[in-house]
Amino acid sequence: KYVTAQIIQLCKLSGFADAMNAQKAKSFDALAKGNKAAMIKGILAHDFDWSDFAPDAYKALMPKPTPQ
């Protein structure tokens with residue numbers, strides 16, 4: 001359960017914000033100023049490939065490879 005500021009940060013780290021703004025200038029900026037429910041709805045409606053993104057906090061929990 002993320003707060004709005006965390007969702008915005010994840011969108012920036014993933015490249016989503018840049019991709020949305022590239023499609024239409026300042027569209028993510030406008031979306032981020034709305035309420036949380038509208039922002040999530042807008043994020044889900046935008047065609048973006050999230051498959052290569054994981055938040056840094058999640059990656060930190062991944063086991064480190066052991067040297068062989």
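**Burial and overall form**

I began with burial, and found that buried residues make up 26% of the 68 residues in the protein chain, where buried means under 20% relative accessible area, exposed over 50% and partly exposed in between, with a 1.4 Å probe and protein chains only. I note here that this is a predicted model, in which local features need pLDDT of at least 70 and side-chain atom pairs count only at pLDDT 80 or more, while totals for chains, interfaces and linings use all residues. Residues are numbered from 1 along each chain as its sequence is written, and side-chain values use heavy atoms, with hydrogens and water left out.

I then looked up the secondary structure: the protein chain has five helices and zero strands, in the order α-α-α-α-α along the sequence; helices (H or I, at least four residues) and strands (E, at least two) are DSSP runs, numbered from the N terminus.

The C-alpha trace spans about 50 × 25 × 15 Å along its principal axes.

Of the contacts between residues at least 6 apart in sequence, 59% join residues at least 24 apart, a contact being heavy atoms within 4.5 Å. I read an accessible surface of about 5,400 Å² for the protein chain, with 59% of that surface belonging to carbon and sulfur atoms; these areas come from the Shrake-Rupley method with a 1.4 Å probe, and for residues only the protein chains shown count as cover.

On charge, the mean positions of the 9 positive and 6 negative charges lie 11 Å apart. Lys and Arg count as positive and Asp and Glu as negative, with His and the chain ends not counted, and each charge is placed at NZ of Lys, CZ of Arg, CG of Asp or CD of Glu.

**Helix α1**

Which residues of α1 are buried? In this helix, residues 4-14, I listed Ile-7, Ile-8, Leu-10, Cys-11 and Ser-14 as buried. Viewed down the axis of α1, the buried residues fall within an arc of 160°, so they line one face of the helix; the arc is that of the directions from the helix axis to the C-beta atoms. The buried residues of α1 pack against α2 (16-23), α3 (27-32) and α4 (36-45).

I also looked at two further residues of this helix. Gln-9 is in α1 and is partly exposed, at a relative accessible area of 42%; its C-alpha lies 15 Å from that of Ala-30, which is 21 residues apart from Gln-9 in sequence. Leu-13 is likewise in α1 and counts as partly exposed at 46% relative accessibility, and I found Leu-13 and Asp-56 to be 43 residues apart in sequence and 9.2 Å apart in space, C-alpha to C-alpha. Just after α1, Gly-15 takes a positive phi of about 95°.

In α2 I found Phe-16, Ala-17, Met-20 and Asn-21 buried. Seen down the axis of α2, these buried residues fall within an arc of 125°, so they line one face of the helix. The exposed residues Asp-18, Ala-22 and Gln-23 are on the face turned away from the buried side of α2, and what covers the buried residues includes α1, α3 and α4.

Lys-26 sits in the loop between α2 and α3, where phi of this residue is near 60°, a positive value in a residue other than glycine. At 59% relative accessibility, Lys-26 counts as exposed.

**Helix α4**

Where do the buried residues of α4 pack? I noted Met-39, Gly-42 and Ile-43 as buried in α4, and they cover an arc of only 100° around the axis, which puts them on the same side of α4. The buried residues of α4 pack against α1, α2 and α3, whereas Ala-37, Lys-41, Leu-44 and Ala-45 are exposed on the face turned away from the buried side.

My last entry is Lys-36, which is in α4 and is partly exposed, with a relative accessible area of 35%. Not counting residues up to four places away in sequence, Lys-36 touches Tyr-2, Val-3, Thr-4 and Ile-7. Lys-36 and Val-3 are 33 residues apart in sequence and 7.9 Å apart in space, C-alpha to C-alpha.
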